[in-house]
Structure formats: structure tokens, C-alpha cells
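Biologist: Please show me the structure, and let us discuss what its coordinates tell us.

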Amino acid sequence: MARGGRGVRTGRAPSVSRFRIASLTIIFSVPFSLLGALANWYFWYQPRTWEVFVFSLHQTLETPVWALFSLAVLPILSSFVLVKLSRTIFERRNLRLGTGAFAVLVVTLVLASSMMAGVAARSYSITGRFVEGNNGVPCTWFVSFDGTTPFAQAQLSTNLIPNPGSILVGSAGEDITTFLHSVVTSDESICFGAATFPVGNSTISLASNLVFSGIPGATIFRLAPGTARHMMNWGTVSNLTIHGVTFDGDAHNEADASSRTEGELLVLRSPSNNHVVLDNIVCEYARNGACLDIGGNDLVVRNSKFIRNSGDAGASTWPVDHVHFGTSVGVKVSDNYFEDCTDTALAMDHVSFAIVVRNTFKDCSGQLWTYTSVGGGASTKGTVSDNVFMQTKYFGPAIRIDHFGDSTMGPTAVGVSITRNSFSNLQPGKYDLLELAWASGIAVTDNMIQSASTDPNEYAIAAFSDTDLAINSNTILNIDSAGAGKDTLFQAIVGFSVMGNTFKTAHVGLEFGCCASLSSDGVIVSNTFDSVANPIIFTTSPTNTTIGNNHV
């Protein structure tokens with residue numbers, strides 16, 4: 001019976017003990033949870049204000065799994081360990097270190113639990129790497145919005161915040177450009193999250209040795225409603241890379257600026273800029289001037305889209321370029337898509353050593369590409385190859401090389417190769433496709449050129465006052481509409497070759513025009529005129545010119 005009685009007491013005691021342990025565990029877990037949240041805020045967020053504490057708690061709750069772990073599971077486990085340890089010590093009356101040491105032990109356990117939550121939170125943070133030229137560039141900051149509050153999370157040790165994982169928090173509703181003033185410095189790589197960042201009247205800060213990296217199609221900087229203005233306007237920068245960001249000028253909600261240049265969206269026009277790379281960006285809905293106005297040395301624009309820069313469908317007072325290059329040396333524009341603007345898709349003024357390759361240009365009212373002397377002298381050494389130029393809604397030429405009102409009477413461009421491109425405008429109407437004026441050393445080679453102009457005074461290729469002009473090995477298809485289709489016009493050309501071309505379905509293949517100095521020193525050989533009513537027309541006859549071996 002004695003053994004049975006002891007058995008009953010032994011059976012009940014653990015049940016009571018377990019109930020007490022569970023109760024104490026739940027009670028102690030509440031301050032553990034609160035202290036964990038406070039520790040996460042104190043050690044990882046700046047500035048240390050109660051507003052930022054609420055923000056840190058909100059960020060934790062946005063991820064349910066993490067919130068459950070950090071605010072419930074971890075505090076419960078920590079309080080359970082504390083209760084079990086305390087019970088063991090007091091039941092065995094083994095508090096040899098004294099009550100003071102026990103208190104220190106309790107405090108240490110609380111702080112350790114709190115810090116575990118913070119450390120785990122930082123390891124859970126978003127990290128990333130941006131790749132340029134096969135070199136991985138780690139992000140130093142991750143910038144995004146939580147509701148209307150901007151925040152920047154340090155991914156690496158920075159001058160502002162030495163602890164990776166710390167979070168700098170802005171104010172609710174703060175303009176992103178104001179917030180970035182505290183983050184953007186030289187030698188930083190700033191990664192932006194999937195968010196739309198409204199841009200007010202301040203411009204985006206830049207610096208040298210800086211990388212801006214976004215999530216293509218998801219990181220959007222959008223001009224807030226007002227008057228068309230600069231979203232980005234900076235002086236001289238070196239080693240700047242912008243990747244994966246959409247810049248939206250919100251043209252419909254902007255009033256016109258006081259001048260064309262004042263309304264340009266992205267402005268990096270300093271001729272002293274050096275090594276600027278714009279990769280996989282979108283620039284759209286600019287209302288005035290240009291979506292991108294840039295200049296400098298070693299400039300790269302690649303894998304990007306420039307679209308819908310039509311000044312709110314033509315409502316703007318000022319015409320809009322997709323991209324304008326001012327004084328520049330060493331430019332590469334590759335693998336981009338340009339569509340719908342009210343001036344020029346790609347304007348290059350006073351540019352040297354430019355490569356324009358594998359782009360698609362579609363529908364700009366003024367023209368699709370220019371290479372001019374505006375702003376400082378002839379543009380030189382240009383290569384335009386393997387591009388698609390098409391007009392389906394406007395009558396502007398695909399290429400225009402001209403003075404554009406510049407008073408300089410020297411050449412507009414020198415040493416330009418235009419090769420392996422496709423040019424087309426199949427609309428009835430009045431237009432040229434290629435206009436080449438006052439240039440020297442232009443070679444148009446191996447291109448497909450298709451026109452359907454219905455005006456007898458317009459041509460697929462119109463050349464005026466050039467020297468050393470080569471039109472070789474092209475296919476020129478000019479759909480003859482009531483005798484108006486004309487392929488090429490030469491006026492006052494000194495030194496030219498027209499060799500190995502195929503002229504098809506035109507009213508006139510090659511015309512030497514009137515009303516200017518005679519063309520001279522040329523070669524017209526080995527061309528094929530297929531279904532061309534008038535292969536060659538001499539309104540004026542070129543001098544010192546060889547003509548032969550052409551096929552009709």
C-alpha cells in the first residue's frame with residue numbers, strides 16, 4: 001500500500017509541474033518577445049526613434065513565417081529553457097553561485113534570445129550582386145519602400161553604417177530623392193527593390209564609382225505630377241552604371257516646361273563624364289526635350305528600351321528625342337529598342353568614335369538617327385550596322401546627316417560606315433529615307449532599303465554636297481506609285497562610287513540633279529536595274545566619271 005501511495009503522489013507531481021512550467025513559459029515569453037523586438041530595432045535600425053520601432057515591427061510582421069519564429073517560437077523556447085533551469089536549480093537547492101550570479105544568468109539568456117532574433121533577421125535580409133563585364137559587384141545597400149516609408153538596408157559595411165544588415169529608415173511619405181541624399185556616395189552599389197518610387201522636385205543624387213541596380217520591369221522611378229522637369233541632373237561623373245531601372249516621365253500628368261532643355265528627363269550631358277553604362281533600363285513618357293541627354297567619354301547604352309516619348313501623344317509644346325548625345329568620344333549604343341518619339345530616336349551631335357549596332361528604331365517624327373556638327377564641329381568615325389530602321393506612322397527619314405541650322409560650313413560628318421541595315425517606310429506620302437548632306441567619307445554598303453514614297457521630289461537616298469560618297473552593294477526597292485518612286489539623287493557630289501547595287505521596281509534608279517554644282521570624279525559600274533523605268537537620269541552630267549557594266 002505504501003508503494004501504491006507513493007505511486008499516486010509520483011504520478012500527480014509531474015502533471016502539476018508540467019502545468020506550472022507551461023504557465024511560466026507563456027508568461028515569460030511575452031517580455032522575451034518584446035525585448036527581442038526592441039533589440040532588433042535598437043541594434044539594426046536607424047534613427048532610433050519610436051516611429052522607426054513601429055516600422056521595424058511592421059517589417060517583421062510582413063513575413064508571417066519569420067514573425068511566428070521571432071516573436072513566438074524563439075521567445076517560448078527561451079522562456080522554457082529559463083523556467084526549466086530555474087526549477088532545476090531551486091529544487092536541488094544548488095544555487096552555489098548566489099542570487100546575483102543567477103540574475104546575471106537570466107539577463108544573459110534574455111539578451112542572447114533577443115540578439116538571436118536580430119541576427120537571424122539580418123541573415124534573412126535581401127542580398128544581391130550586380131554583374132558588369134563578367135565581374136560581380138556586391139550591393140552595399142538595398143533600397144525599397146515599406147508602405148510609403150523608404151528604407152535602406154546595409155548589405156555590406158558602409159561609411160554611414162558599419163554593421164551589415166542595419167536599416168536606415170526615412171519618414172513616411174518622404175521623397176525618394178531626399179532619402180537618397182543620405183545614402184548615395186562614391187564607391188557604393190545601391191540595389192533597388194520592386195517598387196514605384198515617386199520623384200518630386202528634387203533630382204536623383206549621383207556620384208562617381210556608383211552602381212544603381214534595379215529589378216528590370218519592377219523598379220520604377222516615376223515623376224510626380226507637376227511641370228516637366230529633370231528627374232536626374234548631375235555634373236561630371238566617372239564610372240557610373242545604372243542597370244534594370246525604369247524611368248517614367250509621366251507625360252500626361254505634367255505641364256510643359258519653360259524651355260525644351262528644362263523639361264528633359266535624365267540629364268548627364270557634361271562632356272567630361274567618363275565611363276557611364278546604362279544597361280537594361282527603360283526610359284519612357286518624357287514630355288519635353290529628351291528622355292536621356294548625355295555626353296562625355298566611354299559611354300555605353302545597351303539592352304534598353306526608349307518608348308512612348310511622344311510628349312503625351314504630341315500634346316507637348318516641345319518635341320522629344322529618345323536619346324541625345326552631346327559632345328562625346330567613344331560611344332556604343334547596342335541591342336536597344338526605340339519606338340515613338342516626336343523628334344529623333346538617337347541624335348548624335350559632335351560625337352566621335354560612335355558604334356550603333358543591333359538596335360531597332362521605329363517611328364519618330366523627325367528622324368530615327370542623326371550624326372551632325374551641332375555643338376562643336378563634325379561628328380567623326382561612326383559605324384551604324386545590323387540595325388532595323390522602320391517608319392510606320394511618320395514621314396521623317398531613317399538617317400539624316402546635315403547641319404541642322406548650325407552656322408558652321410565645314411563637314412557635318414566625316415568617316416561614317418552604314419552597313420548591313422534594314423530601312424523601310426512603306427507608307428504612301430512625301431519622304432526620303434536617307435538624307436546625306438555636307439558630309440565626307442560616307443559609305444552606305446550592304447543595306448536593304450525599301451520605300452513607297454509617292455512624291456516625285458523625294459528619294460530613297462538623297463545626297464547633297466558630299467565628298468567621297470560610296471553607295472555600294474545595296475538592294476534599293478522603291479515601289480513605283482504612279483511614276484513617283486525614285487531611288488537615289490546625287491547633287492554636287494565630289495568623289496563617289498555607285499557599285500554593285502540592285503535597283504528594283506522604281507521609276508528612277510539614279511538621278512543627277514539640277515540646280516547645284518556638277519558632281520564629279522565618280523564610278524557607276526556593275527549595278528542591276530530591275531523593273532526600273534529610267535535607270536539613270538542626267539539632269540546635269542557628272543564630270544570625270546566612269547559608267548559601265550551596268551545591267552538593265
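Modeller: Contact means heavy atoms within 4.5 Å. This is a predicted model, in which local features need pLDDT of at least 70, side-chain atom pairs count only at pLDDT 80 or more, and totals for chains, interfaces and linings use all residues. Residues are numbered from 1 along each chain as its sequence is written, and side-chain values use heavy atoms, with hydrogens and water left out.

Biologist: Which residues does Ser 497 touch, not counting residues up to four places away in sequence?

Modeller: Ser 497 belongs to strand E39 (residues 494–499); strands are DSSP runs of at least two residues, numbered from the N terminus. Leaving out residues up to four places away in sequence, Ser 497 touches Leu 469, Ala 470, Ile 471, Asn 472 and Val 523.

Biologist: Does Ser 497 count as buried or exposed?

Modeller: Buried means under 20% relative accessible area, exposed over 50%, and partly exposed in between (1.4 Å probe, protein chains only). Ser 497 has 14% relative accessibility, so this residue counts as buried.

Biologist: With which side chain does the side chain of Ser 497 make a polar contact?

Modeller: A polar contact is a pair of N or O atoms within 3.5 Å; within protein, one must be able to donate a hydrogen and the other to accept it, and residues adjacent in sequence count only if both atoms are side-chain atoms. At 3.2 Å, the partner of the Ser 497 side chain is the side chain of Asn 472.

Notes:
Helices (H or I, at least four residues) and strands (E, at least two) are DSSP runs, numbered from the N terminus.
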